[in-house]
Amino acid sequence: MTYHSRILILTAGYGEGHLLASIALKEHFLKLGVEFVQVIDLMQEAHPLINKISCNVYKGSFGAARYGFNYYGWSYYLTQDAKSHNPLLTVLNRLGYRHLKNIVSNYQPDVIINTFPYGAAPAIGRAFGIPTYTIITDYVIHARWLHPHIHKYYVATNELKRDMLNVGIHESHIEVTGIPVREAFETNQRIHKNRKMVLLFASSHPNGELTEELIKKLQFIDGYHLTVVCGRNKKLEQMLNNRFDNFPNVTIYGFVEQITELMAQASCIISKAGGLTLAESLTLQIPVFIYRPFPGQEKDNAIYFSRKGAAAISHDINHLLEQIERFLTNSSYAKRLKSQMAALNQTKAADTIVKDILKNLYDRKSATYS
């Protein structure tokens with residue numbers, strides 16, 4: 001079936017997660033026959049200079065936090081419970097307003113979807129009579145995601161829904177679906193090939209010295225190969241390749257196009273606690289070991305998973321090594337960890353979200369023409 005509706009998906013470049021969620025949604029809209037789906041990084045288009053500076057500040061906060069200057073974490077927790085009329089949130093919610101208004105006027109979407117908390121989207125949507133949907137890409141609540149004119153929120157867990165109900169969001173505006181992941185993850189779930197490999201996402205810890213120290217320790221896990229992914233950090237990739245070129249148990253990659261297949265082959269993953277990374281790992285049922293989570297949503301995600309028994313947190317390399325070796329050698333612990341992951345996993349989140357949005361859209365159109 002072909003749909004002639006226009007879908008506008010808003011994302012942001014603060015980490016890969018928001019964009020990956022947008023790609024997952026676009027995949028499913030196109031699969032279901034929606035012809036016009038546009039994904040826009042609103043901050044990059046509307047405020048390129050501010051976007052560049054803020055992205056660099058965001059990335060720099062990870063290094064600063066190591067030395068106790070946790071400016072991102074401070075700002076995150078300072079505004080976590082803020083009300084919608086908070087002056088800072090009011091300013092943030094105006095970002096991209098004029099540019100988005102022009103986009104909506106020209107593109108004339110039937111639906112606006114946020115995978116990043118843009119307050120301008122529901123304001124513009126209300127002005128144009130367009131329903132606005134928000135995909136919360138974390139496992140914890142933050143005031144920036146909440147806006148009085150969101151048509152519906154799609155969230156990861158029942159606990160997150162409960163927290164939103166407690167701050168006054170109506171139950172009919174919240175759907176527990178999980179976080180949308182790309183279709184390749186659903187496919188690889190069925191052809192999972194578990195080999196003796198530990199996968200380290202080095203881009204999660206861009207500090208070269210720390211990553212080098214991790215590799216030196218992890219390479220000695222008996223009988224296991226260590227695969228390191230540096231992502232788009234070419235400087236880190238080159239440094240690690242030079243340092244570990246002659247280590248037979250270590251493989252260094254840069255950006256990996258088919259990351260799904262690599263993850264599906266791993267016994268376990270060492271990574272940050274980004275919402276999309278955790279959702280992808282849940283889909284593949286590959287345990288995640290979170291090393292030194294960054295203050296903010298990643299730390300809160302990590303704590304949530306740890307309390308659920310679905311991931312392990314460490315702040316010391318030796319402790320991390322102990323956790324991984326326990327998982328690899330203790331079958332009852334490994335079974336319990338994977339069981340908790342299975343309990344948290346929401347299958348086919350992208351498909352569920354897209355079908356619900358399309359149903360709401362055509363119910364709305366039917367009501368208009370009846």
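In which helix does Lys338 lie? In this predicted model, Lys338 belongs to helix H16, which spans residues 331–344.

**Lys338**
- Lys338 has a relative accessible area of 28% and is therefore partly exposed.
- Leu282 is 56 residues away from Lys338 in sequence, while the C-alpha atoms of the two residues are 8.9 Å apart in space.

**Salt bridges**
- Lys152 and Glu175 are joined through their side chains by a salt bridge with an N to O distance of 3.5 Å. Because Lys152 is in strand E5 (residues 152–155) and Glu175 in strand E6 (residues 174–176), this pair ties together parts 23 residues apart in sequence.
- Lys152 is buried, at 10% relative accessible area, whereas Glu175 is partly exposed, at 29%.
- In the salt bridge between Glu212 and Arg243, the closest N and O atoms are 2.8 Å apart. Glu212 is in helix H10 and Arg243 in helix H11 (residues 234–244), so the pair links parts separated by 31 residues in sequence.
- Glu212 is buried, with 16% relative accessible area; Arg243 is partly exposed, with 33%.
- Asp351 and Lys355 form a salt bridge of 3.1 Å, N to O. Both lie in helix H17 (residues 349–369), four residues and about one helical turn apart.
- Asp351 is buried at 16% relative accessible area, and Lys355 is partly exposed at 45%.

- Asp222 is located in the loop between helix H10 (208–218) and strand E8 (225–229), and Asp222 is exposed, at 72% relative accessibility.

Definitions and conventions
Residues are numbered from 1 along each chain as its sequence is written. This is a predicted model: local features need pLDDT of at least 70, side-chain atom pairs count only at pLDDT 80 or more; totals for chains, interfaces and linings use all residues. Side-chain values use heavy atoms; hydrogens and water are left out. Helices (H or I, at least four residues) and strands (E, at least two) are DSSP runs, numbered from the N terminus. Buried means under 20% relative accessible area, exposed over 50%, partly exposed in between (1.4 Å probe, protein chains only). A salt bridge is a side-chain nitrogen of Lys or Arg within 4 Å of a carboxyl oxygen of Asp or Glu.
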